[in-house]
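This briefing is intended for a reader who is meeting the structure for the first time. Please keep the sequence and the model in view while reading the points below.

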Amino acid sequence: MIRHLLSGADLDADTATQILDTAAEMAAVSGREVKKLPALRGRTVVNLFYEDSTRTRISFEAAAKRLSADVINFSAKGSSVAKGESLKDTALTLQAMGADAVVVRHPASGAPHRLADWVDGSVVNAGDGTHEHPTQALLDAYTMRSRLGRLAGLSVAVVGDVLHSRVARSNVLLLSTLGAKVTLVGPPTLIPLDIAAALAPGTDVCYDLDAVLPSSDVVMMLRVQRERMNDSYFPSAREYARRYGLDGPRMRRLPEHAIVMHPGPMNRGMEIAPEVADSPRSTIVEQVANGVSVRMAVLYLLLGGNNR
Amino acid sequence: MNSHLIRNVSVLGATPTDLLIRDGVVAEVGPGLSAPDATVVDAAGLVALPGLVDLHTHLREPGREDAETVETGSRAAALGGYTAVCAMANTSPVADTAGVVEQVWRLGREAGLVDVQPIGAVTVGLAGERLAELGAMADSAARVRIFSDDGHCVADPKLMRRALEYVKAFDGIIAQHAEEPRLTEGAQMHEGEVSTRLGLTGWPAVAEEAIIARDVLLAEHVGSRLHVCHVSTAGSVEVLRQAKARGVRVTAEVTPHHLLLTDALVSGRSELASPALANNWSPAGAYDPVFKVNPPLRTAADIAALRAALVDGVIDIIATDHAPHAVEDKECEWAYARPGMLGLETALSIALDVLGPEWDVIAERMSRTPARIAGLTEHGHDPAPGAPANLTLVDPAARRVIDPAESASRSRNTPYARMTLPGRIVATFLRGEATVLDGKALK
């Protein structure tokens, strides 16, 4: 097993599949009346969050607690971080406290890589800047596999602000490793020209959402930050929604079995219409539940739970 | 004044001979010289070059004496074979008045290791809004001739035009940091495959090329001298090539790091433009801010174009952009780190890797031409009878492993840590006085 999970590229097909299989076992635990395993009793997991992200933090917290780990939440607000302590000094502090794993969310791309140089424990990237969010990609892959029965050969359209999306980067890397075909869709201002060469050869780019829908098994809508509008990436929210938003008529152009995903939080009416978000095709609520199972699997495997 | 008799030295690669240095000048050149009163330096196997001249050095004083002082930077320069450095204006306070440039100039004289020639800011506080008192700096004891807002681009085209015109009155030159600011908002590294993968905001090549293209046209229009700092892209080389073919009075520099290090290093991959240096070397990890610099490290194709341009003369000189930074400004997240890397003590080694033992070309690109651009008449002269004794002795056969802890700079941010580099400076003489002997600084 790998020591850190910093990028979707850290996972080969076998390791990724092992995580997804383990997550399925963890999901069974979550369905029980007593949702708890003793696997990580006596181990310490620190959630080090430099950005507000209640949903990701509570997902990791629930995962660690269901494995009986001790959980310390260390958030930038109200801590020494707000007083200007450096990442390195924070790392040394966590190290001295005996953290077995550090789950880090940070606005700067690459911060988890730096942290991994300074602590002995495992580092899990819970989202760094505009770089990656590998556990999101794992839970997305888990969701696709449980809905559609497989990953190899699936056609997945990832739609929206690819340029700034850590979810998109991790998904492209992981899905390519697992044999799915990814097509990135959005306005040319938000899709780097060299994205396929940078991440995974074989990744397609298309600027026309309607052309992609009929052949897609999965459509993954990315959150679009409204402030992109003020930086000329697109003219207006309305024009964006018209060209790249998933509404009812577009959803009906999908194959019968196709699913619609969103990493949340959604801008209803912008990239996704309420009618679509609330439809039976939508896996948005499942993704949240699956997130806990996948993060349990990641912590369990990284902390050597499988060796005991 | 003491004398030195340098025995069996190869002047710019020629047959070994003796050099007698006396009263600050090269007194005699020829085999079998004798001077009983002179200190003898055995220079068998060494090559004598005119003392190197750096057109682009950050000495950080006043303001950031924790990162570098005029004295420590001067010592690093002497150890790198330099006898003159041009100190950039982005200090705190900014070198935008006669008072600050005279202070830096005086500190350089007191240190006495190299001639420190201050560069003046083009605009007040480097803010890019109105001209600093360029004439007052030119008339000061520091006799400033190069003006630069380095670290910032003089982006306003009207202000750039005025600056180019105004300094003609005292034969000044504007050294431009070519970076279109709107195209580089938030930029962290070269825009390309690596930035896309790493999720770091890109610094596109066009942001440099567009400013150089504009500036050569402005310089042509007003008939002024323009110098382009740290050229980093293949496209910039082509813009310069065309401008020079038209007769525009433009000169250009390239840094040692832009001749060797690629943007792939940011991702932790070991990619250098030189297979010889890449041997058994790799970066410590991904996102290591020791590789953060402005302009950013570019691609292997850019490096190939820069190397070719340095050989054929489209790029006139190597300048270090020596940029010391305190540990805490580099030991942090990539986005929060300051851009810049050390260069003075390693520049000649990188030049040897790029140019080989082409001593005349090295002297041209690292001494004669930068001295001419800067108007430093005492520097850039080959060791010959009557020439000012500003020279350095190189052991081209030596190999050294770079240890940041050994640097004479106050800072440790060298990108070449653990790399084995060719060549070593054995001695440096400033106006006949040894500043470095046996590879050690004498003060």
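In this predicted model, the UniProt annotation "active site", taken from an unreviewed entry, covers B:Asp321. That residue is placed in the loop between β15 (317-318) and α10 (347-355) of chain B. The points below begin with its surroundings and then turn to the core, the backbone and the sheets.

**The annotated residue**

- B:Asp321 counts as buried because it has 29 C-beta neighbours inside 10 Å, where 20 or more are required.
- Leaving aside residues up to four places away in sequence, B:Asp321 touches B:His56, B:His230, B:Thr255 and B:Gly343.

**The largest nonpolar core**

- The largest nonpolar core holds 244 residues, and those touching the most other members are A:Val102, A:Val158, A:Val219, A:Leu299 and B:Phe147.
- Helix α12 (residues 284-302) of chain A contributes the largest share of this core, namely nine residues.
- This core lies between domain 1 (8-131 + 288-307) and domain 2 (134-284) of chain A, because both domains give residues to it.
- A:Val219 touches A:Ala157, A:Val159, A:Leu213, A:Leu246, A:Leu254, A:Ala258 and A:Val260, when residues up to four places away in sequence are not counted.

**Backbone features of chain B**

- Most peptide bonds are trans, and most residues other than glycine have a negative phi.
- B:Ser92 and B:Pro93 are joined by a cis peptide bond, with omega at about 5°.
- B:Pro93 belongs to the loop between β7 (82-87) and α2 (98-111) of chain B.
- Another cis peptide bond links B:Asn294 and B:Pro295, with an omega of about 0°.
- B:Pro295 is located in the loop between α8 (275-278) and α9 (300-312) of chain B.
- B:Leu126 is not a glycine, yet has a positive phi of about 60°.
- The loop between β8 (115-118) and α3 (134-139) of chain B contains B:Leu126.
- B:Leu126 counts as buried, since it has 22 C-beta neighbours inside 10 Å.
- B:Arg418, likewise not a glycine, has a positive phi of about 75°.
- The loop that holds B:Arg418 runs between β16 (391-401) and β17 (420-430) of chain B.
- With 14 other C-beta atoms within 10 Å, B:Arg418 is partly exposed.

**The five-stranded sheet of chain B**

- Strands of a sheet pair through backbone hydrogen bonds, in either a parallel or an antiparallel manner.
- Five strands of chain B make up an open sheet with parallel pairing, in the order β9-β10-β13-β14-β15.
- At its edges are β9 (146-147) and β15 of chain B, each of which pairs on one side only.
- Helix α6 (residues 205-222) of chain B packs on this sheet and touches β10, β13 (226-228) and β14 (250-254) of chain B.
- The direction of helix α6 makes about 165° with that of β13(B).
- β9(B) runs parallel to strand β10 (residues 173-176) of chain B and is joined to it by two bridges.
- Within this pair, B:Ile146 stands opposite B:Ile173 in β10(B).

**The three-stranded sheet of chain B**

- Three strands of chain B, in the order β6-β7-β8, form an open sheet in which the pairing is parallel.
- β6 (52-57) and β8 of chain B are the edge strands; each has a single partner strand, so one side of each lacks a neighbour in the sheet.
- On average, and ignoring direction, neighbouring strands of this sheet are turned by 20° against each other.
- β7(B) and β8(B) run parallel and are connected by four bridges.
- B:Ala87 has B:Pro118 in β8(B) opposite it.
- Helix α11 (residues 359-374) of chain B lies across β6, β7 and β8 of chain B, at about 55° to β6(B).

**Antiparallel pairings in chain B**

- Strand β5 (residues 47-50) of chain B runs antiparallel to β16(B), with four bridges between them.
- In this pairing, B:Pro50 stands opposite B:Leu391 in β16(B).
- Eight bridges connect β16(B) and β17(B), which also pair in the antiparallel sense.
- B:Thr392 is set opposite B:Thr428 in β17(B).

Key:
Residues are numbered from 1 along each chain as its sequence is written. Chains are lettered from A and ligands numbered from 1 in the order in which they are written. This is a predicted model: local features need pLDDT of at least 70, side-chain atom pairs count only at pLDDT 80 or more; totals for chains, interfaces and linings use all residues. UniProt positions are given in the numbering used here, feature names are shortened, and annotations may be inferred rather than shown by experiment. A residue is buried if 20 or more other C-beta atoms lie within 10 Å of its own, exposed if 12 or fewer, and partly exposed in between; C-beta atoms are placed from the backbone. Two residues are in contact if their C-beta atoms, placed from the backbone, lie within 7 Å. A nonpolar core is a set of buried Ala, Val, Leu, Ile, Met, Phe, Trp, Tyr and Cys residues joined through C-beta atoms within 7 Å. Domain bounds come from an automatic or database domain assignment. Two strands pair if DSSP finds at least two bridges between them. Axes are lines fitted to C-alpha atoms, for helices over the stretch in contact, and angles run from 0 to 180 degrees between N-to-C directions.
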